[in-house]
Amino acid sequence: MTVRSEPKRIHLMPSPPITFVIPAYGQWPRTRACLESIAAHVPADQCEVVLVDDCSPDGTVQEASLLGPVLFGERFALLTSEKNRGFATAVNRGARHARGTQLFLLNNDTLLTSNPIPPCLDLLESDPDLAGVGPMLVYADGPDARIQHLGVAVAYGLKCVHLYALFPASHPVARRRRRLQVITAAALCMDRELFLAHGGLHEGFINGMEDIDLCARLAHAGYHFAVSPDAVVVHAEHASSGRFDKEAANDALLHRRAAGLLAPDMAALAAKDGYVLRLTPWLDPHLLPAPERLATLDAAATAEPDAIFLRLEDEPCWPLGYDRLEAAFRNNRDWSRALAAAVRRSAFLPSLDAFHAILELAQKAGDASRAEEASRRIHEIRRRLARPERLRETARNAMFQAREAEDAGLAGALRIWFAEASGTSRPDYGR
């Protein structure tokens, strides 16, 4: 990793101390709700708001030009475009226009439920090696909230996943502070000068992976990122239409720009919370409780669905728990609840059998959309498994990376993968 030579940053508290930069393309009702949530929770002297409209096809410009000044007065700016130029360009334009020393990049499909500025700035100011801090993102507010984003973990190569996605927001893992290489730009607080000095978001990406690229460049320069558990924002993930239309092109560009800039960290991050990394046959990462924790859970297993459900809330990655829960609902011919259990299992413990179970149960429950989604996933998994040499090459590269990084957790997961792929009890690295 390259050690940066630039000086440590000293943060002051200008007026306003922070600028919310919100890119928008259509979906005015979501943008309006986002703006109203900022006005409701952030004191007037703490922020300004720059809304960057990317040639919306609806009435966003007209509506925002009226609502913005009502909510924020002179602290509101609306930037418009005659052409849709994409997320990265909109964010960069807003950052250049901002007056605040700090930026708070915020998607327009987010809702503030409290003021995220103090906890994010406190954490950012506490560590000069932090390039940025984000709030914990959840799917919905309330006691049943589930984690959407608690930071991004790098399994191997550029294989990035949201750490602890769908865990209850009240779970102990949500309270741990971690040094991360990557966090999402859906809600990101960072120094404006630092953002601009490193080129902002690369505008070659089309609505995807810009944040991974930015974080990879900053991580390579010696910085880290963090998520503050004391700041929570609701995010309607993937609400934008066409969100994945350019996924293949974005992925190719990311590999050209960021290959070698990130080190694997998922196994090490998980180990601190009592989990071990495992890989599906198609090399997707997932977590299991550490062996001693798993043995304790299995020994205390009960056949009562309510008790199993509560234990799965405490430990969402418990295989036997899903076995027992799904079996109980199947025995009662409660296909909808059996389907719900199978779907949750697939989120934490993906396998081809799990998706086949979803397909079967969705058909019995009359859930056509869920059955269609399961069929699509099964087709995609079989397509990937039909290229074993490509999988083995990816695994060999990951093993090389694990050894270079001295990542015992990733190396152990890969040894298990090679052994299972070769059908033996001994790892076969294909040499």
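Before I go on, a word on conventions. This is a predicted model, in which local features need pLDDT of at least 70 and side-chain atom pairs count only at pLDDT 80 or more, while totals for chains, interfaces and linings use all residues. Residues are numbered from 1 along each chain as its sequence is written, and side-chain values use heavy atoms, with hydrogens and water left out. Helices (H or I, at least four residues) and strands (E, at least two) are DSSP runs, numbered from the N terminus.

Let me stay with β8. Its partner is strand β9, residues 159-162, and the two run antiparallel, joined by four bridges; strands are said to pair if DSSP finds at least two bridges between them. Within that pairing, A153 stands opposite V161 of β9. The hairpin that the two strands form has two residues between them, and G157 there takes a positive phi near 50 degrees.

Further on, in the loop between β9 and β10 (187-191), we come to Y164. Most residues other than glycine have a negative phi. Y164, however, has a phi near 60 degrees, a positive value in a residue other than glycine. Y164 is also buried, because its relative accessible area is 3%.

Strand β10 itself contains C189, which is buried, given a relative accessible area of 1%. Leaving aside neighbours within four places in sequence, C189 is in contact, meaning heavy atoms within 4.5 Å, with a set of residues that includes I18, L103, F104, C120 and V133. As a reference distance, the C-alpha atoms of C189 and T302, which are 113 residues apart along the chain, are separated by 45 Å.

One of those contacts, I18, leads us to strand β1, residues 18-24, where seven of seven residues are buried. From β1, I18, F20, I22 and A24 point one way and T19, V21 and P23 the other way, and all are buried. β1 pairs in the parallel sense with strand β4, residues 102-106, over four bridges, and I18 stands opposite Q102 there. With strand β2, residues 47-53, β1 also runs parallel, joined by seven bridges, and in this case P23 stands opposite V52.

Now to the helices. Two packed helices are described by the angle between their axes and the distance between the axes. Helix α10, residues 305-314, and α11 pack at an angle of about 145 degrees with their axes 9 Å apart; the axes are lines fitted to C-alpha atoms, for helices over the stretch in contact, and angles run from 0 to 180 degrees between N-to-C directions. On the α10 side the residues are P305, I308 and L312, and they meet G321, Y322, R324, L325, A328 and F329 in α11.

Between α10 and α11 lies a loop that holds E315. Is E315 buried or exposed? E315 counts as buried, because its relative accessibility is 2%. Not counting residues up to four places away in sequence, E315 touches Y275, P289, R293 and L297, and the C-alpha atoms of E315 and R403, 88 residues apart along the chain, are separated by 30 Å.

The loop between α11 and α12 holds R333, whose phi is near 55 degrees, again a positive value in a residue other than glycine. R333 is exposed, because its relative accessible area is 60%.

I will finish with helix α13, residues 352-365. Its 14 residues, at 1.5 Å a residue, should span 20 Å, and because its end C-alpha atoms are 20 Å apart, the model agrees with that; the expected span is 1.5 Å times one less than the number of residues. Buried in α13 are A354, F355, A357, I358, L359, L361 and A362. An α-helix has 3.6 residues a turn, so residues three or four places apart point the same way. What covers the buried residues of α13 includes α11 (319-331), α12 (335-348) and α14 (368-385). Just after α13, G366 takes a positive phi of about 75 degrees.

Notes:
Buried means under 20% relative accessible area, exposed over 50%, partly exposed in between (1.4 Å probe, protein chains only).
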